[in-house]
Amino acid sequence: MRALVQGGGTALRMTASRFRAEFKGSPSLQRALFRYNHLMMAQISQTAACNRFHEAEARLARWLLMTSDRVHADEFLLTHEFLAHMLGVRRVGVTRAAGNLHRKKLIDYSRGNITILNRKGLETAACSCYGIIRDLQKIAQV
Ligand SMILES: [Zn+2]
């Protein structure tokens with residue numbers, strides 16, 4: 001297994017044995033992790049279908065919105081190379097899709113710094129997968 005951190009910030013860590021002990025003794029931690037696991041599986045399934053059926057521009061819009069939601073900001077760093085890896089397309093495909101979103105005045109980007117200029121417009125440009133995953137997360141928070 002390989003973990004990939006997509007953004008900067010602080011994090012905590014603990015040993016696996018300590019984690020297992022905490023998990024066994026904490027029903028609230030168990031519920032939170034089961035909920036997280038359920039959402040992650042749903043997101044993976046949706047992303048697999050998305051990568052097969054939706055165009056790169058719509059997938060890029062979805063990915064940028066999801067990133068914005070996670071970092072709680074409309075401006076963040078993501079290189080075209082990283083986006084190409086996450087979207088399963090060549091770098092030139094990301095450049096083309098980002099150029100289209102830029103021409104529609106939905107995003108601005110320079111040297112990996114991406115700014116969402118028009119969130120509603122970007123939501124319209126995104127495939128339906130963004131709303132599906134966002135709604136699943138809302139349901140799971142109840
Ligand atoms: Zn999609």
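What follows is a short exchange on a metal site and a helix.

Modeller: Keep in mind that this is a predicted model.

Biologist: Which protein atoms are the donors of the zinc ion?

Modeller: They are C50 (SG), H54 (ND1), C127 (SG) and C129 (SG). They lie 2.1 to 2.3 Å from the zinc ion, and the cut-off for a donor is 2.8 Å. Along the chain their spacing reads C-x3-H-x72-C-x1-C.

Biologist: What makes the arrangement around the zinc ion tetrahedral?

Modeller: The angles. Four donors count as tetrahedral if all angles lie between 85 and 135 degrees. Here the 4 donor atoms subtend 101 to 116°, so the arrangement is tetrahedral. The ideal angle for four tetrahedral donors is 109.5 degrees.

Biologist: Why does C50 count as buried?

Modeller: Buried means under 20% relative accessible area. C50 has 0%, so C50 is buried.

Biologist: How do you know that the span of helix α5 agrees with what it should be?

Modeller: Helix α5 covers residues 91-103, which is 13 residues. At 1.5 Å a residue, α5 should span 18 Å. Its end C-alpha atoms are 18 Å apart, so the two agree.

Biologist: Which residues of α5 are buried, and what covers them?

Modeller: G93, V94, A97, A98, G99 and L101 are buried. Their cover includes α3 (56-71), α4 (80-87), β2 (107-110) and α6 (119-125).

Biologist: What comes just after α5?

Modeller: K105, with a positive phi of about 60°. K105 is also one of the residues that L117 touches.

Terms used:
Residues are numbered from 1 along each chain as its sequence is written. This is a predicted model: local features need pLDDT of at least 70, side-chain atom pairs count only at pLDDT 80 or more; totals for chains, interfaces and linings use all residues. Side-chain values use heavy atoms; hydrogens and water are left out. Helices (H or I, at least four residues) and strands (E, at least two) are DSSP runs, numbered from the N terminus. The expected span of a helix is 1.5 Å times one less than its number of residues. Buried means under 20% relative accessible area, exposed over 50%, partly exposed in between (1.4 Å probe, protein chains only). Contact means heavy atoms within 4.5 Å. Donors are N, O and S atoms within 2.8 Å of the metal (3.2 Å for Na, K and Ca); water is not among the atoms, so sites may look incomplete. Four donors count as tetrahedral if all angles lie between 85 and 135 degrees; four count as square planar and six as octahedral if opposite donors are over 155 degrees apart and all others between 65 and 115; anything else is irregular. Lists of a residue's contacts leave out its neighbours within four places in sequence.
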